[in-house]
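Biologist: I have a model open and want to learn how to read it. Can we go through it together, feature by feature?

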Amino acid sequence: MKFVDEFRDGRLAQTIARAIAAEATPDRRYAFMEFCGGHTHAISRYGVADLLPPQVRMIHGPGCPVCVLPIGRIDQAIHLALQRGVILCTYGDTLRVPASDGLSLLKAKARGADIRMVYSAADALALAQAEPQREVVFFAIGFETTTPPTALVLQQARRLDLRNFSVLCCHVLTPSAIGNILESPEVRELGTVPIDGFVGPAHVSTVIGSRPYEHFAEEYRKPVVIAGFEPLDVMQAILMLVRQVNDGRCEVENEFSRAVCRDGNLKAQQRVSEVFELRKSFEWRGLGVVPYSALRIREAYAEWDAERRYVLDYRGVPDHKACECGAILRGVKKPTDCKLFATVCTPENPMGSCMVSSEGGCAAHYTYGRHRERAA
Amino acid sequence: MCLAIPARVVEVLAEDQGIVDLGGIRKQISLELIDGAAVGDYVIVHVGYALSRLDPAEAERTLALFAAAEAAMNEGAADGAGGTAA
Amino acid sequence: MSRGRPYVRPLDLKRGCVDLSHGAGGRAMQQLIDELFVPAFAGGTAVARGDDGAVLPELAYGERAVIATDSHVVSPLFFPGGDIGSLSVHGTVNDLAMMGARPLYLSAGFVLEEGFGLGELARIVASMGRAARAAGVQIVTGDTKVVEQGKGDGVFITTTGFGALPAGRALSGAHARPGDRILLSGSIGDHGMAIMSLRESLAFETEIVSDSAALHDLVAALLAAVPSSSELADPARGLRLLRDPTRGGLASTLNEIALQSGVGIELDETAIPVRPQVAAACEFLGLDPLYVANEGKLVAVCAAADTDRALAALRAHPLGADAAIIGEITDDPQHFVQMRTGFGGRRNVDWLSGEQLPRIC
Ligand code: SF4
């Protein structure tokens, strides 16, 4: 696979690993947060942590759209499928996430709900066209990457005047979540939790560009390196962060220049702003309620907004009291610090956000990293 | 996790659709979010949509950067050994 | 007994459909058996048909009977490299082969959905017959039931296999010991991705073909070169166990072995063969080939001293041409399966949690 395999080369990995080890000052601690689940995945799957010197530590951030999706939103989707009899279309990722009453979309399906896994929002729209006698709802989740496709199908639905199609919009915004983490007292107060820098999103940045991170670098004095999702990209970004820290720089650098520019994809941004507007607040699983951190469908598309059409109200569902996700997502604690980890809380039975998908910090550690506890 | 993968455009179809190839796998996707995609272009594909174009020259530059880490380090090791010890 | 039965009209394989009468025990059902199943499964002479069961000949002295059963549901029913018919033969033949047994007979139970085309059924049954003949097993008894429309997925097939285990041979998932080597007979993920490529919502164009195959011949070649440790009566030599990594893929099979034998496993990622198209399809859908199903591959664990002989025997057979040594058994009280990644790190290879679903967004 061109432009994939080259970025997984184990020999080059050793090269960068040696450079990181040589340049990271031994008596200094470097804590970097990789915001995206995609980076968490690359780090766990390829064993990147083994190539880092002990003074460099990675903190897994909240950038997995499935993990941060609050239970209350899945409850809404299940309600639509079970009680309102709609065909609910969703990306495969959400099917297994546990919701209220011991249900999940998969279990609701077993109870007779018509739930279809789709690869693309366009598939959901096509289904609505093919089955005009049924109501079809697309359960739209994800960050800035999945948002433009949702915008396109909403515009198409309006153009076609397709009345049996609507969207349950749960799209969230990356910069707001980063801001939320940086604003939290643990991170702000110097000396408590040092997050020394961020590995910035790969594919999200292809859409929004590198410009939105400039504010963080400046305002919070944190270096950001936007990086691709291949393991060498992550290694290189870590090296670049180490260098920024050593030099006392706080800049936005772009390692993923093969796909990301400063302005991002303007056409995609344009479509998104035509269809969506900011929500005043939105609940993130693990982070809590974050102001202006999500999108909702504009009035002009109200007809295709499942929340309006089915008059859905949102009821939050708290996670287990002992769940430490909030602290883990801010780098204050590690998964193994949680009493529930690997005992009550497992990937089969997640109690909190970080265990929901293999990209959550707790699940990644459970699935790929438990052998490390012994070594440590 | 915003799973996306670079694939090569092998056919441009009507209505902003296109066929991409990834290691011998072919799939129809939408090219609506990028302008003027042409056969031979590499695009980043996500949930059935091309999100952006991939710039091969930039990819080469990044790969060269990886290799340069070694060179830089060798230099660093030469004059940096004393530096770290100091 | 099937000859001379008076049916007014032969089965209409072009337009005819399965209806409830085909499972009701009357003439319609008998006609289905006589005209569709019996000719397709014809071949062996050792066993008489027509009674409620089949009486099997005696086994050779010292041999023990091995029985295995497998239910087959697959959507779509026809896929590149096979169909539910051939799959239902291979699946059960392989279960017997993994025990070290010589597969001999099969029974087949069909659950048909009302409205299913008789022509398609005939194709499936013919393919089953062909697969059985190629594998040298006889389908000696069977059963057919019909369920109402919407209550089945066209056709479900359960096959039970019966085989003979030679005297002294013992292979078991519990026999792996630290220091043993793990071999894999070829590339992983082909079957699962061939099926996935046809799933309506995920469809993509590919030349990936299911690896569905009967492995007993490959096993015979392997056992001829490296008999089981119990046959050799030498704990430092021989073959410990065989497994076919079907559902849940290689990762799940290895975790089963680790747990059953009370050992750990250390894998070398670069040694595990994955075809480029399978790797690419997995990238598209966010799947890990380690968890994708296979239907024509085996995992063998043998004493270190016999590794090269086992590998040579596998590679000499067409079904094992791409065989590789993928790792070794370690001492690990936690029974972890770990992998050295091609990238130079390490990771755990855990059980599959739940159903394998594409990760997309
Ligand atoms: S182990 Fe489970 S309960 Fe504990 S912090 Fe992680 S997700 Fe929350």
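**Reading the model**

Modeller: Start with the salt bridge between Lys267(A) and Asp35(B), whose side chains meet at 3.0 Å, N to O. A salt bridge is a side-chain nitrogen of Lys or Arg within 4 Å of a carboxyl oxygen of Asp or Glu. This is a predicted model, in which local features need pLDDT of at least 70, side-chain atom pairs count only at pLDDT 80 or more, and totals for chains, interfaces and linings use all residues. Residues are numbered from 1 along each chain as its sequence is written, chains are lettered from A and ligands numbered from 1 in the order in which they are written, and side-chain values use heavy atoms, with hydrogens and water left out.

Biologist: How many salt bridges does the rule find across the interface of chain B and chain A?

Modeller: The rule finds two there.

Biologist: How is the size of an interface given?

Modeller: Often as the accessible area lost when the parts come together. The loss is taken with a 1.4 Å probe and summed over both parts. Between chain B and chain A, the buried area is about 3,700 Å². Carbon and sulfur atoms give 68% of that area.

Biologist: How many residues does each chain bring to the contact?

Modeller: Contact means heavy atoms within 4.5 Å. Chain A brings 47 residues and chain B brings 37 residues.

Biologist: What does "buried" mean, and which residues of helix α15 of chain A are buried?

Modeller: Buried means under 20% relative accessible area, exposed means over 50%, and partly exposed lies in between (1.4 Å probe, protein chains only). Helices are DSSP runs of H or I with at least four residues, strands are runs of E with at least two, and both are numbered from the N terminus. In α15(A), the buried residues are Gly361(A), Cys362(A), Ala363(A), Ala364(A), His365(A), Tyr366(A), Thr367(A) and Tyr368(A). That is eight of eight, so the helix is largely enclosed by the rest of the structure.

Biologist: Where is Val311(A) found, and is this residue buried or exposed?

Modeller: Val311(A) lies in the loop between α13 (306-309) and α14 (325-329) of chain A. Its relative accessible area is 68%, so Val311(A) is exposed. Look at the backbone too: phi of Val311(A) is near 45°, a positive value in a residue other than glycine.

Biologist: Which residues does a cis peptide bond join in chain C?

Modeller: Ser75(C) and Pro76(C), with omega about 0°. Pro76(C) sits in the loop between β1 (64-72) and β2 (78-79) of chain C.

Terms used: Buried area = accessible area lost by both parts, 1.4 Å probe.
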